[in-house]
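Visitor: Let us go through this entry label by label. What does each word rest on?

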Amino acid sequence: MADFRHIPLLTTTLLLLAAATTTTACPPSDRAALMAFKSALHEPHIGIFKSWTGPDCCHKWYGISCDPKTNRVADINLRGESEDPIFQKAGRTGYMTGTISPAICGLNRLSSLTISDWKGISGEIPKCVATMLPSLRVLDLVGNRLGGELPADIGRLHRLTVLNVADNRIAGRIPRSLTNLSGLMHLDLRNNRFTGSIPTDFGRLGMLSRALLSRNFLTGSIPDSVSRIYRLADLDLSLNRLSGGIPPLLGRMAVLATLNLDGNRFTGGIPADLFSSSVTNLNLSRNALDGKLPEFGPRSYFTVLDLSRNRLTGGIPASITSASYVGHLDLSYNHLCGKIPAGSPFDHLDAASFEFNDCLCGSPLKRPCLTKQ
Ligand SMILES: *[C@@H]1O[C@H](CO)[C@@H](O)[C@H](O)[C@H]1NC(C)=O
Ligand SMILES: *[C@@H]1O[C@H](CO)[C@@H](O)[C@H](O)[C@H]1NC(C)=O
């Protein structure tokens, strides 16, 4: 006679086993999202999607990693310029066309989305990224051909630390909501088609250490609030259409080391504090800055000091000899006049640093100073 007493136990065991095996594979919905994502892309040379077969998208799918506890897809990491053996075998960098399917928004536990340097991916950043991927920490889409605008509510990605969409064709304004990204550390919008002004409350991005906005069509002035970003080390606003004066408070920032404002329409004088600040890499070339050069001091330490192609007048202050270090100096194409001071921090400079001014004279220029100046 059959013993039926153990049937409930057996059923429970089977159910538990079934549950255990399904949680070690990625959920079918994550797999389906990835398959839809893949089908909107075309990668002809390397074969990065060849491994995207089988039921478990967490198991050896190229560029995919999952949370080990939940088996949900956590990272998509597809880089077109990579040292990975499959690139070495193909002997070339990646190229991919197609678009980023909104299907990725089904991967609602996604923590990083990197689809970089594929050169040919076009279309827009799916709007749903901002609303449906609340765990996103890294959004890196550099080096494609993405157009459209940044999602207006990007500011809802409150965990975001890296936003890199450089080298694309993204247009429109910097979304107002962006300044709500209070954990953002790295912002790279370089080489796109952004227009409009830098949000006035940019300074709310309190964790920012790099703000790279160069090569866009930004207008308006630098918001004063930028100087409140304590950790900001690298501010690159070069090659835009920015105007107004350089906020003096930029010279009081704690760790600002690189300040590139070249190729804009800035006017007014160079704030004196910039010459005794933490900034070591200062490019103000190709603006409409006027007035005299600020005084140098022992705190002046520049690996790069490029003030060329402005409207600076007066002489080169004798105090330049008290600077700790001036590596690359370019004062060419201004209206400077008088004797070039002789001294150690810039002994190594050649004439090109001083050419095309009104009446600079003395070494290293060939033009001697005729009268005592
Ligand atoms: C920024 O966040 C606050 C609080 O969540 C919200 O009220 C505000 O509308 C957001 N600003 C923008 C421009 O989205
Ligand atoms: C400074 O900016 C100008 C204009 O964008 C550029 O041509 C120049 O190479 C830069 N200077 C240095 C030293 O990088």
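## Labels and their cut-offs

Guide: The shell around ligand 1 has no nonpolar, 3 polar and 1 charged residues. Ala, Val, Leu, Ile, Met, Phe, Trp, Tyr, Cys and Pro count as nonpolar, Asp, Glu, Lys and Arg as charged, and the others, Gly among them, as polar. This is a predicted model: local features need pLDDT of at least 70, side-chain atom pairs count only at pLDDT 80 or more, and totals for chains, interfaces and linings use all residues. Residues are numbered from 1 along each chain as its sequence is written, while chains are lettered from A and ligands numbered from 1 in the order in which they are written.

Visitor: Which residues surround ligand 1?

Guide: G155, R176, S177 and N180 do. The test is a C-beta atom, placed from the backbone, within 6 Å of the molecule.

Visitor: What makes up the shell of ligand 2, by class?

Guide: 2 nonpolar, 5 polar and 3 charged residues. Ligand 2 is surrounded by S238, L239, D262, G263, N283, S285, R286, V304, D306 and H328.

Visitor: How do you know that β18 and β20 pair?

Guide: Pairing needs at least two bridges found by DSSP between two strands. Strand β18 (residues 288-292) and strand β20 (residues 311-314) have 3 bridges, so they pair. Their sense is parallel. K292 stands opposite T313 in β20. The strands themselves are DSSP runs (E, at least two residues), as helices are (H or I, at least four), numbered from the N terminus. The protein has 4 helices and 23 strands.

Visitor: Why are β14 and β23 called edges?

Guide: The open sheet of 6 strands runs β14-β16-β18-β20-β22-β23, with parallel pairing. β14 (243-244) and β23 (359-361) each have a single partner strand, so one side of each lacks a neighbour in the sheet.

Visitor: Which strands does β3 pair with, and in what sense?

Guide: β2 and β3 run antiparallel, joined by 3 bridges. C66 stands opposite V73 in β3. In their hairpin, 6 residues lie between the strands, and N71 takes a positive phi near 60°. β3 and β5 pair in the parallel sense over 5 bridges. There, D75 stands opposite S112 in β5.

Visitor: Why is M253 called buried?

Guide: M253 has 23, so M253 is buried. M253 lies in the loop between β14 and β15 (258-260). M253 touches S227, L232 and S278, not counting residues up to four places away in sequence. Contact means C-beta atoms, placed from the backbone, within 7 Å. Across the protein, 37% of the 373 residues are buried.

Visitor: What makes a set of residues a nonpolar core, and how many residues has the largest?

Guide: A core joins buried Ala, Val, Leu, Ile, Met, Phe, Trp, Tyr and Cys residues through C-beta atoms within 7 Å. The largest has 94 residues; V73, I115 and V165 have the most contacts inside it. Elements giving two or more residues include α2 (28-39), β3 (73-79) and β5 (112-116). Leaving aside neighbours within four places in sequence, I115 contacts I76, L78, I100, I121 and L141.

Visitor: How does the radius of gyration compare with that of a compact globule?

Guide: The protein has 28 Å, whereas a compact globule of 373 residues would have near 21 Å. The radius is taken over C-alpha atoms, and the globule rule is 2.2 Å times the number of residues to the power 0.38. The C-alpha atoms fill a box of roughly 125 × 45 × 35 Å along the principal axes.

Key: A residue is buried if 20 or more other C-beta atoms lie within 10 Å of its own, exposed if 12 or fewer, and partly exposed in between; C-beta atoms are placed from the backbone. Two residues are in contact if their C-beta atoms, placed from the backbone, lie within 7 Å.
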